[in-house]
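Please keep the sequence and the 3D view open while reading.

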Amino acid sequence: QVQLMESGGGSVQAGGSLMLSCTASGLTVRTPSMGWFRQAPGKEREGVAAIVVLGTGTLYADSVKGRFTISKDNSKHTVYLQMNSLKPEDTAMYYCAAGAWAAGLGSWVSAIEQRGNGWGQGTQVTVSS
């Protein structure tokens, strides 16, 4: 199992920005991707963004395209989620996950939920109007 540690959550007003970080330990060739999920109170968990660990490739949920950017620093085993133009509906617990890669975000979500190699503890993001 990969160990994942998130940081960077907090409270911000609508239109503001936050950057989340996820640092991994224990990465193997069986964890070709890392990414972010979120879960708001009373709602199902949803995939937000994913990135290929070795190589290129990113995936985004339609709801965050153009506002969020996922990136990585392989030397630090860290993946980032830069969140701009935040909206109250972005309020959620954000979780980092690692596992297989997939061609689309829906497939990636399924792959992680069924065969994921690790989950973080989550970091809270709260956006006020």
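The largest cavity in this predicted model has a volume of about 50 Å³, and a search of the whole structure finds one cavity of 30 Å³ or more. Its lining has six nonpolar, three polar and one charged residues when sorted by class.

**The cavity and its lining**

- The residues that line the largest cavity are L27, M34, I51, V52, V53, K72, N74, H77, T78 and V79.
- Two elements, β5 (46–52) and β8 (78–83), each give two or more residues to the lining of the largest cavity.

**Fold and overall dimensions**

- The protein has one helix and eleven strands, and read along the sequence these elements follow the pattern β-β-β-β-β-β-β-β-β-α-β-β.
- The C-alpha trace of the protein spans about 40 × 25 × 25 Å along its principal axes.

**Burial, contacts and surface**

- Of the 129 residues of the protein, 44% count as buried, a class for which the relative accessible area has to be under 20%.
- Among contacts in the protein with a separation of 6 or more, 60% are accounted for by residues 24 or more positions apart.
- The protein exposes about 6400 Å², and carbon and sulfur atoms supply 50% of this area.

- Although H77 is not a glycine, it has a positive phi of about 55 degrees.
- H77 counts as partly exposed because its relative accessibility is 42%, and partly exposed covers values between the 20% limit for buried and the 50% limit for exposed.
- S85, which lies in the loop between β8 and β9 (92–99), is likewise not a glycine and has a positive phi of about 50 degrees.
- At 42% relative accessibility, S85 therefore counts as partly exposed.

Methods: Residues numbered from 1 in each chain as written. Predicted model: local features only at pLDDT ≥ 70, side-chain atom pairs only at ≥ 80, totals over all residues. Heavy atoms only, no water. 1 Å grid on protein atoms, 1.4 Å probe; cavity = no way out; pocket = protein on both sides within 12 Å on 5 of 7 lines; lining within 4 Å. Points joined across faces, edges and corners; volume = space filled by probe spheres on them. Helix = DSSP H or I, 4+ residues; strand = E, 2+ residues; numbered from the N terminus. Nonpolar A, V, L, I, M, F, W, Y, C, P; charged D, E, K, R; others polar. Buried < 20%, exposed > 50% of the residue type's maximum accessible area, 1.4 Å probe, protein only. Contact = heavy atoms within 4.5 Å. Areas by Shrake-Rupley, 256 points an atom, 1.4 Å probe, with all protein chains shown as cover.
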